[in-house]
Amino acid sequence: MTQGGKKKKRAANRSIMLAKKIIIKDGGTPQGIGSPSVYHAVIVIFLEFFAWGLLTAPTLVVLHETFPKHTFLMNGLIQGVKGLLSFLSAPLIGALSDVWGRKSFLLLTVFFTCAPIPLMKISPWWYFAVISVSGVFAVTFSVVFAYVADITQEHERSMAYGLVSATFAASLVTSPAIGAYLGRVYGDSLVVVLATAIALLDICFILVAVPESLPEKMRPASWGAPISWEQADPFASLKKVGQDSVVLLICITVFLSYLPEAGQYSSFFLYLRQIMGFSSESVAAFIAVLGILSIIAQTIVLSLLMRSIGNKNTILLGLGFQILQLAWYGFGSEPWMMWAAGAVAAMSSITFPAVSALVSRTADADQQGVVQGMITGIRGLCNGLGPALYGFIFYIFHVELNELPVPESPSGGTVVTQYHLQQNSIIPGPPFLFGACSVLLALLVALFIPEHTNLTVRSSNWKKHCGSHGHPHSPQAPSEAKEPLLQDTNV
């Protein structure tokens with residue numbers, strides 16, 4: 001590097017340091033209420049996803065009205081673009097939050113994630129366009145987990161992450177049903193206004209009440225610290241996958257099983273509403289029941305299974321439930337079949353906590369971040385590929401919506417359209433069968449994972465840029481970052 005280049009770099013670093021001192025030292029950023037706590041993070045997550053949960057039923061209707069010819073394809077593309085952008089931007093935003101602090105990035109991610117909400121009634125086209133682009137900042141969970149890591153000890157971090165994930169599930173248990181009821185009684189416009197107000201409340205809460213979690217003594221060392229490409233590289237964790245055979249088996253299992261799950265969550269509620277003839281209230285009830293059962297499965301049932309049949313067998317059992325669930329979704333042609341498969345889906349949610357537990361038990365202490373980071377990276381990649389893949393499979397199998405949304409009968413039930421009865425009578429949901437085949441391959445791969453082993457992955461570079469503050473911002477523990485229903489999406 002030339003002398004002129006070095007001088008420019010030093011000048012830029014001094015400018016960053018000065019800006020940081022002005023912002024943080026001179027009171028440019030509000031200090032918040034009280035000391036940083038997990039409850040601040042819990043409230044931020046609850047308000048954000050409660051606002052989006054209210055829009056579950058209205059979004060399904062607007063999606064079909066905006067894209068009447070290729071509804072599933074467009075839904076897959078929208079969610080796919082959002083997921084890929086989130087995957088690409090999450091490491092960079094996490095690294096920047098290590099330098100600039102968590103509060104400003106909580107504000108940024110919540111603002112841009114909720115920005116599309118008022119556009120639903122203003123311009124549906126802009127609504128879905130902004131949803132896609134908002135994926136760049138739709139990484140609230142990454143920043144929240146970094147916030148929690150700043151203020152908790154290692155031994156209490158799992159419980160704190162579990163509280164955040166449970167709060168996410170709780171917001172989705174209640175909000176879709178409330179949104180569907182208000183939409184039916186008062187109209188969707190009121191629901192959009194209410195969701196916008198809750199999003200604004202969340203932003204105001206961050207501005208006024210949330211204190212900065214990054215310790216003051218760590219900020220001066222961060223001022224002007226350069227952000228290298230290695231820190232912001234979303235594929236950094238994936239590059240280490242092939243360095244250990246056991247890690248490779250675990251990562252292949254995660255990819256093959258999570259890819260269909262990510263695609264399923266992006267389109268399943270639309271599928272229930274428009275193809276299976278569920279009413280808005282039935283979709284909301286389905287989400288609530290599935291959320292409650294998933295919480296029970298991931299706490300009580302998972303604990304019992306881990307003690308009784310062991311870690312690896314619990315993973316295999318979860319994959320078996322997932323195969324059954326996806327096959328049932330694929331061949332199911334009646335609403336009761338969807339309800340039964342939903343109960344099985346709750347049991348399949350034990351897979352990823354069991355995978356993470358296997359990794360944590362078999363990896364050395366200095367390997368935890370590396371291996372967990374790989375799993376997190378693969379899941380992030382699936383969040384982008386899965387929705388696009390499901391939308392494309394719906395498209396090539398001609399599962400399209402050529403009629404208006406399913407009407408509701410006066411008795412409160414639904415009237416299944418003639419079109420639905422005539423089309424795809426043998427295989428109503430082709431993508432779900434594809435997903436079942438993918439999970440079957442994952443099950444076969446998982447059979448070769450040893451129950452006890454030592455994972456050895458070269459992690460010096462990873463630890464260098466991921467553990468600079470002793471609390472990696474993204475690859476903490478993917479099972480604890482597990483989002484039981486919608487995987488940080490809005491449909």
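Predicted model: local features only at pLDDT ≥ 70, side-chain atom pairs only at ≥ 80, totals over all residues.
**Entry 1: a buried ring**

I started with Phe-268, which counts as buried at 2% relative accessibility. Buried here means under 20% relative accessible area, exposed means over 50%, and partly exposed is in between, using a 1.4 Å probe and protein chains only. Residues are numbered from 1 along each chain as its sequence is written, and side-chain values use heavy atoms, with hydrogens and water left out.

Next I checked Phe-286, and that one is buried too, with a relative accessible area of 2%. The two rings have their centres 5.6 Å apart and their planes at 55°, so I wrote the pair down as tilted. The rule: rings of Phe, Tyr and Trp (its six-membered ring) pair if their centres lie within 6.5 Å; planes under 30 degrees apart count as stacked, over 60 as edge-to-face, and the rest as tilted. Phe-268 sits in helix H13 (residues 245–274) and Phe-286 in helix H14 (residues 280–308), so the pair links distant parts of the chain, 18 residues apart. Helices are DSSP runs of H or I with at least four residues, strands are E runs with at least two, and both are numbered from the N terminus.

Which other rings join in? I found a cluster linked by ring pairs, and its members include Phe-268, Phe-286, Phe-72, Trp-339 and Tyr-390.

Searching the whole structure gave me 21 aromatic pairs. One of them is Phe-112 with Phe-137, stacked at 4.4 Å centre to centre with 20° between the planes. Phe-112 is in helix H5 (residues 102–114), while Phe-137 is in the loop between helix H7 (124–133) and helix H8 (140–151), so this pair ties together parts that are 25 residues apart in sequence.

I then looked up Asn-75, which is in helix H4 (residues 71–100) and buried, with a relative accessible area of 2%. How far is Asn-75 from Tyr-390? They are 315 residues apart in sequence but 9.3 Å apart in space, C-alpha to C-alpha.

Gln-322 counts as buried at 3% relative accessibility. What does Gln-322 touch? Leaving out residues up to four places away in sequence, I listed Ser-257, Pro-260, Glu-261, Ser-348 and Val-439, where contact means heavy atoms within 4.5 Å.
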